[in-house]
Amino acid sequence: MFNKKDMFKVLVLVIVFTMALTACGTAASTATQAPAAPAATTAAAAEKPFGEASCAPNCTYKDMVMCFPQLGAESDWRTADTASFKDEAAKDGFQLVFSDAQQKQENQISAVRACIQQGVSVIALPPVVEDGWDAVLTEAHNAGIPVIVVDRTVSADPSLYVSHIGSDMELEGKRAAEEFNKKFPDGAKILELSGTTGSGAAVGRAKGFREALNSNIEIIDSQTGNFTRAEALPVMQAFLQKYKAGTDFQGIFIHNDDMGIGAIEALKAAGVNPGDLFIVSVDGTRGGFQAMVDGWFQADVECNPLLAPQVAEMALTIMNGGTVDANVLTNETVYYPENAAELLPTRTY
Ligand code: GZL
């Protein structure tokens, strides 16, 4: 016969057994009947435009945190580009997360990763070179952060960024070539001072230049000056050791005004005078205009650094779930000495 003690033990066992069954059932239900994400949420998440912010469709600039990992401060063009973004942020009231990579891609990539960690609204990336961006652009994409490539281009898959805005570098090179074609219908030998190796600006200008240059104009040598005055000076000095100005070469294609100003210093020291050579530069900065006024440059192909207003507008559109063009090219022209003196006081960079 069961005594009271035995009955209690049985009761406890029954209770424990019942609880165990229920718990397993719960675990099982957790494991086997995990609540599916409500179909509506999944569908809505799938339809949400890439980069749309939680404030959409009423985001204002006050809601925007723009990451701008600037590539460096190598030229007057870059200084003006940086000022454009800082001025626009102050005017519109958005937060600008600025950094200067000192022309090193690894620094730019680190800055982008920091912005991804910060959870910025948008990344405006001015890539120092074309290659090597796939990994970090994939990280930004996976984090749901839209990237607008600014100024120079990247070779990465366009699906990894929302848009590119900048100059048509090949057209700039073509425009420079047309100046040499006009000047030297019977042919000439020229030098090239090119920009940062592997940069979209240097690659595009060189390509466009060569495709449009008449076959009777020969590029006898080309070296990079990395878009800086300081690095262009020794390159031009070395050219002048090797080639006699006017005899061995009659002109120079220079990928930006800053390198042109460095080259002028070497030309002056070698006894070359303004107008002895036919020089075409790129950017259209105040320094380039002054070089045209002084007779050193015979043309300056415009390259506009003031991109921030358009980038800010594109970024806000993306935050509000809107769409932007995949490639936005800036309208540019060619400037000449004839009106350089008149225009110089009006130049904003
Ligand atoms: C071109 C820009 C170039 C400029 C240089 O869009 O990337 O970089 O031509 C600058 O002056 O350093």
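In this predicted model, the side chain of Arg205 places an N or O atom 2.9 Å from an oxygen atom of the ligand. Two further side chains make contacts of this kind. A polar side-chain atom of Arg152 lies 2.7 Å from a ligand oxygen atom, and for Asp283 the corresponding distance to an oxygen atom of the ligand is 2.6 Å. On its own, the ligand has 320 Å² of accessible area, and the protein covers 100% of that. The residues surrounding the ligand include Glu74, Ser75, Trp77, Arg78, Asp151, Met169, Phe227, Asn256 and Cys303.

Let me stay with Asp283 for a moment. Asp283 belongs to strand β9, and its relative accessibility is 3%, so it counts as buried. Its backbone also deserves attention: Asp283 has a positive phi of about 125°, although it is not a glycine. As a point of reference, most residues other than glycine have a negative phi, and most peptide bonds are trans.

Strand β9 covers residues 278–283, and Ser281 is part of it. Is Ser281 buried or exposed? Ser281 counts as buried because its relative accessibility is 0%. Leaving aside residues up to four places away in sequence, Ser281 touches Ile254, Asn256, Asp257, Phe297, Ala299, Asp300 and Val301. Of these contacts, Asn256 is also one of the residues around the ligand.

Asp257, another contact of Ser281, brings us to helix α9, which runs through residues 257–269. Just after α9, Gly271 adopts a positive phi of about 85°.

I turn now to strand β1, residues 65–70. Here 6 of the 6 residues are buried, so the strand is largely enclosed by the rest of the structure. Val65, Cys67 and Pro69 point one way, while Met66, Phe68 and Gln70 point the other way, and all are buried. The pairing partner is strand β2, residues 95–100, which runs parallel to β1 over 6 bridges. Within that pairing, Gln70 has Asp100 of β2 as its bridge partner.

Two loops carry backbone features worth checking on the display. The loop between α2 (39–47) and β1 contains Pro57, and the peptide bond joining Ala56 and Pro57 is cis, with omega about 0°. The loop between β2 and α4 (105–118) contains Gln103, which has a positive phi of about 65° although it is not a glycine.

Finally, the protein as a whole. The protein has 12 helices and 12 strands. Of its 349 residues, 48% are buried. Among contacts between residues at least 6 apart in sequence, 75% join residues at least 24 apart. The accessible surface comes to about 16,500 Å², with 57% belonging to carbon and sulfur atoms.

Definitions and conventions:
Residues are numbered from 1 along each chain as its sequence is written. This is a predicted model: local features need pLDDT of at least 70, side-chain atom pairs count only at pLDDT 80 or more; totals for chains, interfaces and linings use all residues. Side-chain values use heavy atoms; hydrogens and water are left out. Helices (H or I, at least four residues) and strands (E, at least two) are DSSP runs, numbered from the N terminus. Buried means under 20% relative accessible area, exposed over 50%, partly exposed in between (1.4 Å probe, protein chains only). Contact means heavy atoms within 4.5 Å. The expected span of a helix is 1.5 Å times one less than its number of residues. A residue is near a molecule or strand if one of its heavy atoms lies within 4 Å of it. A polar contact is a pair of N or O atoms within 3.5 Å; within protein, one must be able to donate a hydrogen and the other to accept it, and residues adjacent in sequence count only if both atoms are side-chain atoms. Accessible areas come from the Shrake-Rupley method with a 1.4 Å probe; for residues, only the protein chains shown count as cover. Two strands pair if DSSP finds at least two bridges between them.
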